[in-house]
Amino acid sequence: MMSQSDSYFRPDLIELLAGDALGELDTTEQQRLLQSLSETDQQNADELHVAAAALQLVLAEPDSTSMPVDLRSRIAAEAFSYLSTHPSDAQVQLVVRGETTEALSWRERLAWLTAAASLILALGFWALSRPVDENAKIALSPAQARADLMAQVNDGVEVAWTAGTTPFDVSVFGDVVWSNSRQQGFLRFVGMPINDPSSEQYQLWIIDPMRDDEPIDGGVFDCTGEGEVIIPIDAKLLVINPAAFAVTIEKPGGVVVSDQKRLPLLAKVLTPKG
Amino acid sequence: MNDSILQRIAAGDQLAVDDCLNRYGGLVWSLAKRWIANPADAEDLTQEIFVELWQQAGRFDPAVAGEATFVAMIARRRLIDRVRKDSRRPTADAIVSDLVDKSTEKENQAAEWADEIAKAKRCLTRLSNEQQEILHLVVHYGVSHAAISERLSMPLGTVKSYARRGLIQLRDCMKLSADMPAMSNASASFQTLNTNGSR
């Protein structure tokens with residue numbers, strides 16, 4: 001049956017598909033093709049590749065010289081090695097056979113090329129746009145880094161600690177600052193009990209209902225000194241819109257899921273900012 | 001169960017490797033030699049093509065293309081990638097003498113390969129002489145459009161158009177020939193298309 005895909009009605013596009021099957025697209029044409037494609041064009045592309053390959057076979061003369069013996073031996077050795085080390089790959093491919101008609105479709109190749117080019121460009125721009133003093137920031141104290149963050153962002157959240165479900169025996173003050181745009185934040189504590197890291201550690205949790213019902217692990221930390229302590233937040237996942245921050249006491253190394261039996265501090269974000 | 005060679009390879013049958021090399025080794029080797037001037041490079045490329053063939057064997061679907069066509073598709077992709085990377089392609093001058101004998105009637109292995117090859121052979125004769133000549137240079141020898149343009153003193157856009165529209169017409173003919181045993185309608189379609197064949 002004749003396919004009724006979009007490209008049948010777009011002569012320019014089908015010519016680009018033919019050029020791709022012939023391996024003769026220049027960079028500009030490759031970009032145009034990628035931008036113009038729809039899923040329904042895959043059949044056209046497949047058919048044109050098949051036509052080109054069939055033509056290749058039609059034009060191929062019988063080869064009077066067979067493949068050199070040593071080349072054949074190398075190829076056979078590689079095949080045996082491959083088949084003995086990748087039996088499961090072959091089986092998996094059989095299962096999906098029919099879903100894809102080409103070894104690597106033009107769309108995949110173009111997408112990979114474009115993705116690679118974009119990545120290189122992005123890395124280049126990132127490298128060029130990095131602030132000159134980026135390395136210097138690493139040397140900043142946590143207090144300076146916290147102050148810088150709050151001075152530089154306009155989406156900073158700042159909330160004070162309050163007593164959690166199992167408060168400390170002593171009063172603890174301080175706050176949490178967080179920037180969604182930077183995905184960066186700091187905990188500040190004053191009067192926080194010093195912990196023994198060999199027996200227990202503090203762990204931060206970020207409650208973000210927009211992301212998940214489960215709190216996000218914000219990192220394990222210790223309080224090793226008196227006075228003001230500032231700890232960088234180490235969010236393990238992207239934070240979308242935090243509703244609260246909680247500190248629990250866990251075994252050394254922290255836990256994946258807290259039972260929240262010891263939750264001394266909580267900071268609720270009353271007016272979450274995007 | 002009569003699995004094809006590639007299906008046997010995909011299933012991990014090591015005995016199928018010899019069968020594959022017996023049937024397609026000469027084809028791939030001759031393609032590589034024709035496209036790649038340096039024999040050592042042609043050997044490397046032949047090895048690469050077969051490595052990819054082992055890896056992709058599971059994707060072969062006889063409902064989409066014949067086995068030989070699938071092998072040729074893998075080989076063509078590798079060849080195209082290589083010449084793009086190296087920017088070294090055969091020149092039209094180097095092969096012009098061979099074109100004297102570019103008869104589409106020459107005996108080859110197509111008869112024992114898939115049905116689409118027989119269709120392609122029939123359909124090739126329906127294309128204009130210019131389309132046949134240019135597709136022969138592009139597909140068979142891997143000559144670039146620019147080199148063909150220079151050799152035939154033809155504008156690059158015209159070469160491109162002949163090649164691309166020729167392939168599209170070939171594809172359409174192959175489809176029509178699959179859908180309708182009689183080729184008369186296909187022939188009429190080509191005549192119509194060929195009147196707009198250049199730009």
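Me: How are residues, chains and ligands labelled, and what do local features need?
Reply: Residues count from 1 along each chain as its sequence is written, while chains are lettered from A and ligands numbered from 1 in the order in which they are written. The model is predicted, local features need pLDDT of at least 70, side-chain atom pairs count only at pLDDT 80 or more, and totals for chains, interfaces and linings use all residues.

Me: What ipTM and pTM does the complex get?
Reply: The predictor gives an ipTM of 0.76 and a pTM of 0.52.

Me: And what does chain B average in pLDDT?
Reply: Chain B averages 77, and 73% of the residues score at least 70. pLDDT is the predictor's confidence in each residue, from 0 to 100.

Me: Where does pLDDT stay under 50 in chain B?
Reply: Residues 93-112 are one such stretch. Residues 180-199 are another. Where pLDDT is low, the predicted coordinates should not be read in detail.

Me: New topic. How many helices and strands are in chain A?
Reply: Chain A has 8 helices and 9 strands. These are DSSP runs numbered from the N terminus: helices are H or I with at least four residues, strands are E with at least two.

Me: What is the strand order in the open sheet of 5 strands?
Reply: The order is β2-β9-β8-β5-β6 in chain A, with antiparallel pairing. β2 (162-163) and β6 (216-221) stand at the edges with a single partner strand each, so one side of each has no neighbour in the sheet. Two strands pair if DSSP finds at least two bridges between them.

Me: How many bridges link β5 and β8 of chain A?
Reply: There are 7 bridges, in the antiparallel sense, between β5 (residues 201-207) and β8 (residues 244-250). One example is A:Leu204, whose bridge partner in β8(A) is A:Val247.

Me: Which strand is joined to β7(A) by 5 bridges?
Reply: That is β4 (residues 184-190) of chain A, running antiparallel to β7(A). A:Phe189 has A:Val229 as its bridge partner there.

Me: Which β7 side chains are buried?
Reply: A:Val229 and A:Ile231 point to one face and are buried. Buried means 20 or more other C-beta atoms within 10 Å of a residue's own; 12 or fewer is exposed, in between is partly exposed, and C-beta atoms are placed from the backbone.

Me: How many residues of helix α6 of chain B are buried?
Reply: 7 of the 10 residues in 115-124 are buried, so the helix is largely enclosed by the rest of the structure. Among them are B:Ile117, B:Ala120 and B:Leu124.

Me: Back to chain A. Where is A:Gln42?
Reply: A:Gln42 is in helix α3 (residues 41-59) of chain A. A:Gln42 counts as buried because it has 20 C-beta neighbours inside 10 Å.

Me: At what angle do α3(A) and α7(B) cross?
Reply: Their axes cross at roughly 90 degrees and come within 9 Å, with α7 spanning residues 129-141 of chain B. That makes α3(A) roughly perpendicular to α7(B). Axes are lines fitted to C-alpha atoms, for helices over the stretch in contact, and angles run from 0 to 180 degrees between N-to-C directions. Under 35 degrees is roughly parallel, over 145 roughly antiparallel, 65 to 115 roughly perpendicular and the rest oblique.

Me: Which residues meet there?
Reply: A:Ala52, A:Leu55, A:Gln56 and A:Leu59 meet B:Leu135, B:His136, B:Val139 and B:His140. Contact means C-beta atoms, placed from the backbone, within 7 Å.

How values were computed
Two residues are in contact if their C-beta atoms, placed from the backbone, lie within 7 Å.
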